Amino acid sequence: MTDRGKGVDTLVEVRNLKKYYPIKGGFLQHSVNAVKAVDDVSFCIERGTTMGLVGESGCGKSTIGRTLLRLTEKTAGTVLFNGQDLHALGREELRQLRPKMQIIFQDPYSSLSPRLPVGEIIGEAVREHHIVPEKEYEAHLDQTMSICGLMPYHKDRYPHEFSGGQRQRIGIARALALNPEFIVCDEPVSALDVSIQAQIINLLKDLQKEFRLTYLFISHDLSVVEHISDTIGVMYLGKLVEFGSKALVFNRPLHPYTVALFSAIPVPDPDVKMNRIILEGSIPSPANPPNGCKFHTRCNRCMERCKIEEPSQREIEPGHFVACHLYDGEGLP
């Protein structure tokens, strides 16, 4: 279903997105196989909301984020931004649209140039895209930095003079300075201490409320995703296996993989006994995925059908989609 999560004010719509990386071999280096990093994924993000994208490392979360921004070219499918097909735009059209789509990278250490002062890092693209008139440039930088918890005198300092949390604030200010509508947050707090994580998450929520920003929040930390997201997508081996509102997915996870993931969330109560589900084996290679359901090799509810037939997405209850043969009948099992 390509209208998954689609509302009356959809900003980003992804239809049957695929991203394959060719594997070359032989004397002439022909393509002999492909890594299916993203394999037929569809979802929508409404304006002013946050979609959390979760899953194990290597499942294709970051590839989706980069393909949405056209930092990586797609193999197939459609990405619509404000109704425009991003991958159909020419070079100049895409350049005009770039300020509206930004990214906050995972590593605040390697994502900032060590040779540029903070003012140049934040303001370089502002000048390039003529976001404000030259006479308002300094005031715009000062205001943006202040909103992100930075001081104006930080403009003359270099990234190595800042802590990890401050560097991530610089990365957020760099994105915010372009007046974006949509920001891909690619695990923006995974490299930070827990106390700093809370500050950055609260900053992102405040910015979203003030500027009506739309986020794709990529993370493997389910407690962080639960705190910031409105809708949740669960990925496994390039596939979106479950999608729905935060309340639906967290209160009633359906896919066995989602259930296993959520069973690992720590409960801050020493008297509560956790019933953690331990997945057997390791994630199969995306270059040689198993037949049928890609999760069947690790699923404790696997049926013979799962080994042969790949499940399709089904809407089990309004707004709650899952790809699993357990739900091929009517209603919930």
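Helices (H or I, at least four residues) and strands (E, at least two) are DSSP runs, numbered from the N terminus. The model is predicted: local features need pLDDT of at least 70, side-chain atom pairs count only at pLDDT 80 or more, and totals for chains, interfaces and linings use all residues. Residues are numbered from 1 along each chain as its sequence is written, and side-chain values use heavy atoms, without hydrogens and water.

**View A. Eight strands in an open sheet.** The 8 strands run in the order β6-β7-β8-β3-β9-β10-β12-β11, with mixed pairing. Two strands pair if DSSP finds at least two bridges between them. Twist averages 20° from one strand to the next. Axes are lines fitted to C-alpha atoms, for helices over the stretch in contact; angles run from 0 to 180 degrees between N-to-C directions.

View B. β11 and β12 (residues 320–322) are antiparallel, joined over 3 bridges. E315 has F321 of β12 as its bridge partner.

**View C. Helices on the sheet.** Helix α5 (residues 164–176) packs on the sheet and touches β6 and β7 (182–186). Its direction makes about 175° with that of β6. Contact means heavy atoms within 4.5 Å. Helix α6 (residues 194–211) lies across β3 (50–54), β6, β7 and β8 (214–218). The angle between α6 and β8 is about 155°.

**View D. Lining of the largest cavity.** A total of 13 residues line the largest cavity; P256, C293, C299, C306 and C324 lie nearest its centre. Lining residues have an atom within 4 Å of a point on a 1 Å grid over the protein atoms alone, a cavity being a set of points where a 1.4 Å probe fits but cannot get out.

Terms used: On a 1 Å grid over the protein atoms alone, a cavity is a set of points where a 1.4 Å probe fits but cannot get out, and a pocket is an open set with protein on both sides within 12 Å along at least five of seven lines; lining residues have an atom within 4 Å of a point.
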